[in-house]
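Please read it alongside the sequence and coordinates.

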Amino acid sequence: MALFITDDCIRCGACEPACPNEAVGFRGDIYVIHVERCTECVGFRDAPACQEACPVDCCVSDPDHPESEGDLVRKVLALHPDDESLRRRVEEADVPSRYRR
Ligand code: SF4
């Protein structure tokens, strides 16, 4: 399930550099999370980086885009095909994930 940014966003930009998938962008005059790139940080962190970085708690789960942990692992591997460290973590079942906290 990707995250999305609510209307409470104050446009501080803290989320954009925090994302390991470059899923956060600026569109028009608002920050958005691109669904096709968001893995809920599965593969890199055990909590969504944008959620932790946001000072007003406006990065929230998007119920319109349900994905299983397995879906998110496949997605992160597709986004980073040359990341051997990530691939090794997946093969060793040692994947940082909010679902394993
Ligand atoms: Fe990026 Fe992680 Fe936030 Fe998704 S949850 S937009 S991957 S920082």
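**Second largest cavity**

The second largest cavity is lined by Ile 5, Cys 9, Ile 10, Arg 11, Cys 12, Gly 13, Ala 14, Cys 15, Cys 54, Pro 55, Cys 58 and Cys 59. A cavity here is a set of points on a 1 Å grid over the protein atoms alone where a 1.4 Å probe fits but cannot get out, and lining residues have an atom within 4 Å of a point. The volume of this second largest cavity is about 60 Å³, a volume being the space filled by probe spheres set on the points, which are joined across faces, edges and corners.

Its lining divides into ten nonpolar residues, one polar and one charged. In this scheme Ala, Val, Leu, Ile, Met, Phe, Trp, Tyr, Cys and Pro count as nonpolar, Asp, Glu, Lys and Arg as charged, and the others, Gly among them, as polar.

**Basis of the values**

The model is predicted: local features need pLDDT of at least 70, side-chain atom pairs count only at pLDDT 80 or more, and totals for chains, interfaces and linings use all residues. Residues are numbered from 1 along each chain as its sequence is written, and side-chain values use heavy atoms, with hydrogens and water left out.

Searching the whole structure gives two cavities of 30 Å³ or more.

**Hairpin**

Strands S2 (residues 24-27) and S3 (residues 30-33) run antiparallel and are joined by four bridges. Strands (E, at least two residues) and helices (H or I, at least four) are DSSP runs numbered from the N terminus, and two strands pair if DSSP finds at least two bridges between them. Arg 27 has Ile 30 in S3 as its bridge partner. Two residues lie between the strands, and Gly 28 takes a positive phi near 65°.

**Salt bridges**

The model has five salt bridges, each a side-chain nitrogen of Lys or Arg within 4 Å of a carboxyl oxygen of Asp or Glu. One of them pairs Arg 98 with Glu 40, with the closest N and O atoms 2.9 Å apart. This pair links distant parts of the chain, 58 residues apart: Arg 98 is in the segment after helix H4 (84-91), and Glu 40 is in the loop between S3 and helix H2 (49-53).

Conventions
1 Å grid on protein atoms, 1.4 Å probe; cavity = no way out; pocket = protein on both sides within 12 Å on 5 of 7 lines; lining within 4 Å.
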